[in-house]
Amino acid sequence: MWFGEALNLFHGFDRLLYDKQMQHSYGQQTENYSVVLIEAASSFKYASTKAWLNALQQIVKLKPRAIILPSKPQAWSVSDTQIAIKQYPLMIGESLAASLSTSLATSLATSLATSLEDKSNLYKGVTLLPPADGLGYRQQWLTFQTEQKKLKSLELMVAQGIAGYEHDPDQVSFYIDFRDADTRIPVIEMARVQRGELVESLIKDSVILVGYVGELEPNLSTPIGAISFSLYQAHAIDTLLNTNDIRHFNLITTMVLSMLLIICLLLLVPRISDKFQLVSFFVLLVATFLFSWFLMSFLAIWIQPGILLIAEITVFVVLYYEHNKQHTLQLRKMALKSVSSVEHRWLSQNFYASEEHWTQIANMVSQTLSLTKTIFLERVKNDHRLREIKALNCSLDDINELRRDYHRRPYTIAIEQGGVVRLDQEYLANSAENEIQYLVPLSFAGEMLGFWALTLTDDEQFDETRVLYAIQQFSYQISEMLFHREQWLKHQRYQDKSWVKLLSMQFDEPAYTSVNHAINFMLQRLIVMESVMDGMETSAVLYDLFGRVIQVNESMSTTLSDIDLAPYSITAADLISQLSSCELSVARDYLSHVILDKGAIKLPVTHQYIKKGFMLSVRGLSNKDENINDDGDVRPFEIIGVLCELIDMSHISEIYSQKEKVIEHLSGWLRNDLSSISIACDLAKDERIDVEKKINLMNMIKTKVDSLGGSVERVNSIMQSDYINQKSAHYPVDCHAPLLDVIKDMQNNQQKKVRFETELPFYLPLVIASSKELKGVFVAILKLLYSDVMDNGIIRVKIFNQDSMLEFSFSNEGFGIPDEHLQAYLNNENILESDEFKTLRIIKQQIINWGGHFDAYSEVGEGMQFTFKLQSFSAHE
Amino acid sequence: MNSLSKSILLVEDDRSLRDLMTMILELEGYKVAVAHDGQQAIDHLEKHEVDLVLLDLFMPILDGTHVLHWIRVEKTMETKVLVITAMTDDKTQSSIMAAGANALIKKPLDVDKIIQSVKALLESS
């Protein structure tokens, strides 16, 4: 930059600023010396001596300080000039050419001699065009060095003659003060002078410059616009008389100043935040500009702000670029670290980007379908050949067909079929006799992508229809995946082309691409985690230690919303307190235990609107990964959050409830048997009983003791089983409570006005069934009856306890259907019917599986009746 | 009161217990009729008068609570009812007493408990 300054590279910008500031700065208001310009037409140079003397007479009358003529009037002889100099306070300049001529030297000598006699009249220096300064004129000569001699300018001579201006011998030019130019120099036409229309106050004690205007006179481009040379001279004389010449900083001073500003920027930019950097920079620019304006306005000093501004802009741009470059590098590094961490820890390789996409397809197929052998063939690009890619349970060389041309059989057959085709000829070698070979085309959107050759073993479990359907569906999916992968690769190749990058201004992979990748990875992972959390059977909400919800799953949201609790507006302590009906202080104690002791608590949920059998589990999630704290966020007690889960224990509760009922029944049987043994023992001692009866009593005691042992053993085996979770198994279960629950639910949720009439024994035996499915049986039957019943109708439920069976009767007063239809629905699988009847057919089979019996009857206009019997549970098998 | 003039209806589904209790009561001089479920008991009571009904609660067809309800509510009979039950919880016992049972004996039974309870009930009249 300094080189640039030394080479005047920034001069143009600085001159522009100079001109602008000159136009808009205030000048020094001095009344000491004022210059008045009298403009005469160019032709007036040739006016008669009389005309000149008349004009001079008019001016002198008003007592000017001096009258300056840039050159001697043409009509004046030397003697005229001498007379004029004697009579008037004249100062006359000469053009450079005239000054250098011999005659001038003579006349100068003469004039000088004359002027020495009269100190008020001095003959002065040369009049010449100012030095060019860029594309305009801003300076005037003080002296002019010719080959022969050093000449003083008219302006300098005037200033020295009138104001005693002290001239620095080394200074050859000076900057004219154009500030307030519009008001500084009054301009009067010579015609007004000749007519005697001058105003004394304007002329008196002023320096009068007589100049010429006309087509042949030069016009100069200045900071205040194009002006005549005479006006330019007037400003120059005015500047020198008032010693208002504009002082410029020299190169060294400018460089020191620019150095200071650069140091300021270097210290400032890295220490302020990004969003204030630009503002601070503009403040510095404006400050520099204002400082410059201040110096120009009040001290007439030009500090060359253009250079300083360019220095500031250059340094700031470099710093800003470097600063952002560092940011970008840091961001990219961070993004790559995140991506690497995410990919390494969580994500499987992307199918589109992976070179091993066929392996992924093979893995998908092998883990889902039971295929004996599989070979995938891929179409060779821009060719009708195929190449084998991946083989499972066989070798790639096992393909007998050598042409690999999909324009030939057997490929053409598969393409014509558009799906799985069974091959008659041997396509894969080394196949067993019972292996059946198939070929599947892999095509999508009319594009042939490859083939899938496979074999299936025809054994007892072989269900060709089902397997081929699955293979067909898989082939569609694989084809679509391959097609989209190919499209994606095409797009990537297009994006990677240099000219595309050039046109889209992507010269380098920007940081945001890396960040975007990282965010996409994280988003994908987050979606998976949210899906996992929502898919959990337990309701869960994760709070941080500040009481804010980090994550809540759908199940928990629904559960809490059902009981008018908003997880986002309550803390973990509130949740514990509400769900377990404990005091808030107790809930806080629980949380303290979880946080401080890293413990876990499990509390029964006792909220009145949550069904029984739920447990609230509260535990802290520890921060096991130190990298998680990279963001600088605080993790009090190294705990990420407190996880509150609602665990459905109702099935366990149900197990114990069922087992308790079995125990109750066992207790009854034991009491009966013990009663029999006790009474028999007492009677055996009774003397009133004969021997034969006593023998019978003893036998009965023995039988009862054996039976007692058998009952205890059977019940013991039931106690040890987890029969509630075993769908297919059937054990003694209580039917009373689930039936009443179903009826109650239907009564509470019914839209029709239906009356439920129940006739149930006070004591019901346990029945042999599956606990999980028995309630479903009641629901299905009652739903069907409900859908058929008339408004204000009745649904009747009766249970009869017979010797070894419990009979359930469900009927309604409904519309009914023809009985043959009902029987057909119950027995014929192919008939079209509603889901309710399909369910009915399933439950009929279940009841039969439990050793029961199922009957159904319906009559149009009367309604429906379903009766089924289940075995009662007895201690004795 | 002479026990020979007293008739008892024994309602019990467990055959062994029914036979043994019949034996005890007959040894004590009571006339004993038996029913092995609630329906048989009602059928018998509709045809015969008895002084005491020894009633087991948990039975097939019709359980003891139905029989008790039939006796007290439907027929408003004042026949004494001694309920035999294996249910030991207080709630069941109080509900049985509230339903009209005169007394209640809990299983397991023994001879003395049966005889004393029966005698106490019959003598109280």
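Helices here are DSSP runs of H or I with at least four residues, and strands are runs of E with at least two. On that basis, chain A of this predicted model holds 28 helices and 32 strands. Of its 877 residues, 31% count as buried.

**First selection: the core.** Select Ile68(A), Ile208(A) and Ile237(A), the residues with the most contacts inside the largest nonpolar core, which has 69 residues. Next, colour helix α11 of chain A (residues 229–241), the element that gives the most to this core, with 7 residues. Domain 1 (28–243) and domain 2 (253–326) of chain A both contribute residues, so the core lies between them.

Now centre the view on Ile237(A). Which residues is Ile237(A) in contact with, leaving aside its neighbours within four places in sequence? They are Val35(A), Glu155(A), Val158(A), Ala159(A), Val207(A) and Leu209(A).

A second, separate core comprises 46 residues; among them are Ile677(A), Ala35(B), Val53(B) and Ile96(B).

Display the open sheet of 5 strands in chain A, ordered β17-β16-β20-β19-β18 with antiparallel pairing. Strands β17 (386–392) and β18 (421–422) of chain A stand at the edges; each has a single partner strand, so one side of each lacks a neighbour in the sheet. Strand β16 of chain A (residues 373–379) pairs with β17(A) over 6 bridges, and Ile375(A) has Ala391(A) in β17(A) as its bridge partner.

Finally, show helix α17 of chain A (residues 464–496), lying across β19 (435–444) and β20 (447–457) of chain A and running at about 35° to β19(A).

Terms used: Residues numbered from 1 in each chain as written. Chains lettered and ligands numbered in written order. Predicted model: local features only at pLDDT ≥ 70, side-chain atom pairs only at ≥ 80, totals over all residues. Core = buried A, V, L, I, M, F, W, Y, C linked by C-beta atoms within 7 Å. Buried ≥ 20, exposed ≤ 12 C-beta atoms within 10 Å, placed from the backbone. Domains from an automatic or database assignment. Contact = placed C-beta atoms within 7 Å. Pairing = 2+ DSSP bridges. Axes fitted to C-alpha atoms, helices over the stretch in contact; angles between N-to-C directions.
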